[in-house]
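Here is a short briefing on one structure. Please keep the sequence and the 3D view open while reading.

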Amino acid sequence: MSQQRRRLLELAIACCDLLVTTFSFYVAFWLRFESGYWPHGGPEIDQYLIILGGILPLWLGLFSFFGLYDFRRRAHLLADGRGLLFSLAAGVLFLSSFTFFYREVSYSRLTFVLFGVLNFGLLLCERVLVRWLLQQAHRRGYHLRRVLIVGAGELGRRVAQQAKRHPELSHRVVGFCDDQESNGLYKEEYSLEVLGRTTELREIIEEQRIDKVIVALPGRALRKISRVVQACEQEGVEIDIVPDFFKFIQPRTSVRDFAGLPLVGVRFTPVESWKYRVAKRAFDIAFAAAVLMLTAPLLALIALLVKLTSPGEVFFSQVRYGTNRRPFRMLKFRTMRPQSQNSSDTTWTKRDDQRVTPLGAFLRRTSLDELPQFLNVLRGDMSVVGPRPERPFFANQFKSEVPRYMVRHQVKTGITGWAQVNGWRGDTPIRNRVEHDLYYIENWSFGFDLKIILLTIVHGLLNKNAY
């Protein structure tokens with residue numbers, strides 16, 4: 001799909017969003033005041049139309065902010081569900097807060113709730129229909145861009161394979177352009193041909209009416225890549241380059257500007273996102289404060305039991321690696337006998353460990369010994385969700401034994417994480433933990449954090465591997 005058509009599509013979707021939102025608002029008003037389901041003297045609708053005038057531009061801004069008008073990405077039919085939920089929740093919350101302080105007119109909060117529910121359902125149906133129609137059009141060959149792949153080696157074949165597997169990308173590969181490869185392999189596997197050499201690129205673009213060129217040449221062919229780029233720009237054809245070092249680069253990485261020089265990140269990490277730095281931190285503070293206040297009696301009871309059942313301190317602090325390998329002292333309720341604490345920095349806890357007190361064993365099985373770590377969250381040492389922090393002795397040992405182990409320290413460590421809710425805690429294989437931690441980092445979202453917290457509450461607290 002060309003940029004012009006894409007812009008027209010986005011404009012059409014925005015207009016449909018406004019119509020659906022207006023319809024939802026009217027239906028919500030009718031249900032609340034005119035349907036008879038809720039007996040109440042109905043106000044004049046003019047008072048609510050003033051609010052609707054502010055809703056429409058606000059909704060467009062929220063939808064744009066949450067990426068609901070980006071149809072370039074490959075996505076399934078329900079891909080807009082999360083963005084719609086977050087944007088509408090934020091919008092309805094803002095409306096309710098605004099009308100609470102605006103006392104000139106008394107607005108019904110129930111009307112806004114009904115409006116939000118109706119709007120979400122209707123907009124989701126609209127988005128599903130649009131994406132389904134686009135997928136059907138692409139599968140039937142409509143609105144496809146004619147693509148030429150320069151480079152018929154392994155990298156070029158991978159590009160052709162992915163384009164064939166994913167018609168929703170709206171790319172129709174018409175052939176290859178290469179100086180060395182023969183035709184037989186591509187005719188048999190992809191029904192494609194090598195249309196000519198790179199010196200004939202301009203003629204191929206003209207004859208085949210090419211819309212886009214994808215360069216898939218090896219990194220050593222820099223001069224050839226430069227000539228291909230120059231030829232495409234002279235012909236006014238869009239050009240993309242697939243880097244030869246793609247094995248080292250993760251799909252969600254980004255290209256950043258460094259004083260005019262493009263920098264390609266090897267791995268996606270969410271730490272530069274404002275959602276991660278600001279929203280996640282705000283949530284951590286609110287959640288940790290709420291947990292500490294709600295569990296204050298339980299914390300006092302556990303502290304008393306620890307003191308009465310074993311001599312020594314109530315809390316146990318241990319140096320752990322945090323973000324960017326910065327050490328901090330992590331707090332826990334003491335679960336071992338005092339004379340055993342010194343060896344815990346370099347000794348792995350085993351099942352039926354004789355150093356653990358009877359009360360400590362119970363606290364570990366129920367994860368109640370971890371509750372003081374919410375103080376670490378308030379201090380900023382940890383997050384509620386993230387890879388578990390490790391002791392420096394073991395971290396330095398694992399980094400030479402487990403590939404990419406230290407990547408997990410590029411984000412803030414957490415009380416719970418994706419590895420923990422999947423059962424990889426305690427004396428379990430480190431490689432499995434790292435695999436899940438890296439998956440969390442590369443796929444981080446605020447919704448993913450909420451999912452992990454819910455899984456922790458449901459079945460993550462009691463675990464047979466926690467001892």
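**A covered strand**

Both faces of strand E1 are covered: Arg145, Val147 and Ile149 are buried on one side, and Arg146, Leu148 and Val150 are buried on the other. Buried means under 20% relative accessible area, exposed over 50%, partly exposed in between (1.4 Å probe, protein chains only). This is a predicted model: local features need pLDDT of at least 70, side-chain atom pairs count only at pLDDT 80 or more, and totals for chains, interfaces and linings use all residues. Residues are numbered from 1 along each chain as its sequence is written, and side-chain values use heavy atoms, leaving out hydrogens and water.

**Strand pairing**

- E1 spans residues 145-150; helices (H or I, at least four residues) and strands (E, at least two) are DSSP runs, numbered from the N terminus.
- E1 pairs with E2 (residues 171-177) in the parallel sense, over 6 bridges; pairing takes at least two DSSP bridges between two strands.
- E1 also runs parallel to E3 (residues 212-215), joined by 4 bridges.
- Leu148 has bridge partners in both: Gly175 in E2 and Val213 in E3.

**Asp17**

- Asp17 lies in helix H1 (residues 3-33).
- Asp17 is buried, at 0% relative accessible area.
- Beyond four places in sequence, Asp17 touches Phe63, Tyr69, Leu123, Glu126 and Arg127 (contact: heavy atoms within 4.5 Å).

**Nonpolar cores**

- A nonpolar core is a set of buried Ala, Val, Leu, Ile, Met, Phe, Trp, Tyr and Cys residues joined through side-chain atoms within 4.5 Å.
- The largest has 41 residues, and Phe333 is among those with the most contacts inside it.
- Helix H15 (residues 430-442) gives this core its largest share, 5 residues.
- Another core, of 30 residues, lies apart from it and includes Val20 and Leu88.
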